[in-house]
Amino acid sequence: MLTCAFCGEEMMLEEDMKTHLLLSHMEKASRCPLCSLSGVSYDELSFHISSAHPETQLGAQGPPHIIPPAGRSAAANTQSHKTPPSCWAQDSCDTDAEATHCSDTIDCHKQDITSKSRASSTGETATIQSPRRRQKAVALSNKDNKGFKSEHSKAIQKRLSSKRKEELFSCPMCPQVCNSCEMLQEHVELHLQEQHSAGGSAQEACSPAMTSPSALRLSGEKRFECPLCSVVCMDSSSLQEHVELHLEHGAAMNSAAAAHSPGSDQRLARELQREDEARQEREDFKKLQKQFGLDGGGGYSRQMERSMEKAVARGLLGPAEFHCKRAEMMESLASGLDDGRTRTQGVLRALSEYYQTEARDCVHVWLSADTDHFCSSAGDTGWGCGYRNIQMLLSSLHTIDAYAPLLQEKAVPSIPRVQSMIEEAWKEGLDPHGASHFNQRLQGTRAWIGATEIYALLTSLGISARIIDFHRPTGPDNSHPQLFDWVKQYFQSSRSGRLPPRLIQTSMPPLYLQHQGHSRSIVGLEQRRNGSLSLLLLDPPCPASDTRRLLSRDTLPTALKQLRKPPRSLKHTQYQLVARRIVSSRTLCCRGIP
């Protein structure tokens, strides 16, 4: 019959005793069953029980439950449990001799364990002494050595007491007791890792307690460490989100620091002012684009279609009539010629007849070559005055034998065709600055044109032209008497130096007059008895119905008031004239252009 030295359980066979020791004692932690001491070697724990708990009697209560360390081999543990030290049966070593004997007994016990372990590994069978025989031998040995104490026993007791006081760390999550803070930390981190693995949330994956380097070393799993702190994440996406939080927090801290830095109010005010100025600039630019027809809102044909659609919506135009007019418009645009709906012919002829018999207060009247009036239509309202003035100029050039062969078209072109002609002039290299302003494109837009575009068109047709600038007023009340004198010189250049008659019908084409936001055509000049001058202007916004009143002798005197413009009527700061080039020493040049 075999008896377990730790729990007192009896076994019949040696194999059963080995299994009992393995399952009941070897796989458990090595700790004292009577106090909180743990983390010591098997021999030290054995000596601790015999010296620190002398009140425990083997005969009365049985051997204490001692859990051996897991690192020992099965054979060694088996032999060790079969032959425990004899000094365990004694209360304590009362004398130095007893302590010396106890120490010798422990040494002999170690040698016995080693020899028996070797014998067990080679297949030899060891003889197991009964506990009663061991107790008897220990009693005899203690009796012979009674009264002696060992210094070695004191050192071991002191070391065990020190470990019990200083190196005991209990796990808050299980009964485990560790002998160092580092071991306890790694042990607790394993607990936390198991909890996080069971949960599986992305936020737990970035928990500092879960992902410390020691826990990663024990788990052996791949992690991604944050370069800005000690947090380690389970995957790259979690790491990216974590680092972005760092960056956002840093940006917020920098903004807060900048907001409280000296001079931050001034910097903020300057930044706000710059933002306001930039926003105002963008808004003004968009307004200018819309004003000058460069906002992508369509050109002549699109505006005409929208106008007819509005008339249909108001009930002023029927659907059938709408489609009919639209077809006519598309046919006219395809031909490239003006449809003549806005054209009024015979205006200069009617004026010539009127001045021959009427207007006796005028001592001299100069009229240009025959010119037709072209008024604005629904397709070019608000932006087509420049194109309409070109049509007036071209209608006059068609009547002058010197210029008629130079014209490409046998009739007055439409507005889209005029836009195409200007683009062709740009392609020839004329007015590159103006071309870049319009991005080399006029067709399909409502872009305003001015004196430079008129000059480029005439030059491309082989007609020598010039631009005369009047940069500032030269008379009282912001008037431009110098402009009037220049116009007089222009019309007088077609005749010799002899005294002119009262009415001079010249062969000069009309003058293109440009000022801010609008343009008109100068077709004549009046000089009264007091020497004052008045221009005769054809204005595109003037409706065709009003212009046709000039054709009747009954309504002509009243309608003429709209054409006559004295110096006080020209109040703009700057004006431009476009005229054919005149080679004459008497020409008045206002800005030194030959």
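Guide: Welcome! Two residues are in contact when they have heavy atoms within 4.5 Å. What you see is a predicted model, in which local features need pLDDT of at least 70, side-chain atom pairs count only at pLDDT 80 or more, and totals for chains, interfaces and linings use all residues.

Visitor: Among contacts between residues at least 6 apart in sequence, what percentage join residues at least 24 apart?

Guide: Start with contacts in the protein chain whose residues are at least 6 apart in sequence. Of these, the share joining residues at least 24 apart is 66%.

Visitor: How many helices and strands does the protein chain have?

Guide: Both are DSSP runs numbered from the N terminus: helices are H or I with at least four residues, and strands are E with at least two. The secondary structure of the protein chain comes to 22 helices and 16 strands.

Visitor: What percentage of the 594 residues are buried?

Guide: Buried means under 20% relative accessible area, exposed means over 50%, and partly exposed lies in between, using a 1.4 Å probe and protein chains only. Among the 594 residues of the protein chain, the buried share is 42%.

Visitor: How much of the accessible surface belongs to carbon and sulfur atoms?

Guide: Accessible areas come from the Shrake-Rupley method with a 1.4 Å probe, and for residues only the protein chains shown count as cover. The protein chain has an accessible surface of about 32000 Å². The part of it belonging to carbon and sulfur atoms is 52%.

Visitor: Which residues make the nonpolar surface patch of about 380 Å²?

Guide: Patch residues have over 30% relative accessible area and no salt bridge; like charges are joined within 9 Å, and nonpolar side chains (Val, Leu, Ile, Met, Phe, Trp, Tyr) within 5 Å. A salt bridge is a side-chain nitrogen of Lys or Arg within 4 Å of a carboxyl oxygen of Asp or Glu. M12, one of the patch residues, sits in the loop between β2 (10–11) and α1 (14–26) and counts as exposed because its relative accessibility is 61%. The patch is made by M1, M12 and L13.

Visitor: How many disulfides does the count come to?

Guide: A disulfide is a pair of cysteine sulfur atoms within 2.5 Å. C226, buried at a relative accessible area of 3%, has its closest cysteine sulfur in C229, at 3.6 Å, which is too far for a bond. C229 is in no disulfide, and this residue is partly exposed at 26%. By the rule, the number of disulfides is 0.

Visitor: How far apart are the end C-alpha atoms of helix α16?

Guide: The expected span of a helix is 1.5 Å times one less than its number of residues. For the 13 residues of α16 (residues 385–397), that should give 18 Å. This helix is mostly covered, with 13 of its 13 residues buried.

Visitor: Which helices do the buried residues of α17 pack against?

Guide: α17 (residues 415–427) should span 18 Å, and its end C-alpha atoms are 19 Å apart, which agrees. Of its 13 residues, 10 are buried, including I415, V418, M421 and W426. After α17 comes G429, with a positive phi near 100 degrees. The buried residues of α17 pack against α13 (300–313), α16, α18 (432–437) and α19 (451–460).

Visitor: Where does Q440 lie?

Guide: Q440 is not a glycine, although its phi is positive, at about 60 degrees. Q440 is partly exposed because its relative accessibility is 46%. Its place is the loop between α18 and α19.

Visitor: Is N478 buried, partly exposed or exposed?

Guide: N478 lies in the loop between β10 (465–470) and α20 (481–492). Its phi is positive, near 60 degrees, in a residue other than glycine. With a relative accessibility of 47%, N478 counts as partly exposed.

Visitor: Which residues does A559 touch, not counting those up to four places away in sequence?

Guide: A559 is found in helix α22 (residues 556–563) and counts as buried at 2% relative accessibility. Its C-alpha atom is separated by 8.9 Å from that of R548, 11 residues apart along the chain. Leaving out residues up to four places away, A559 touches D546, R549 and L550.

Terms used. Residues are numbered from 1 along each chain as its sequence is written. Side-chain values use heavy atoms; hydrogens and water are left out.
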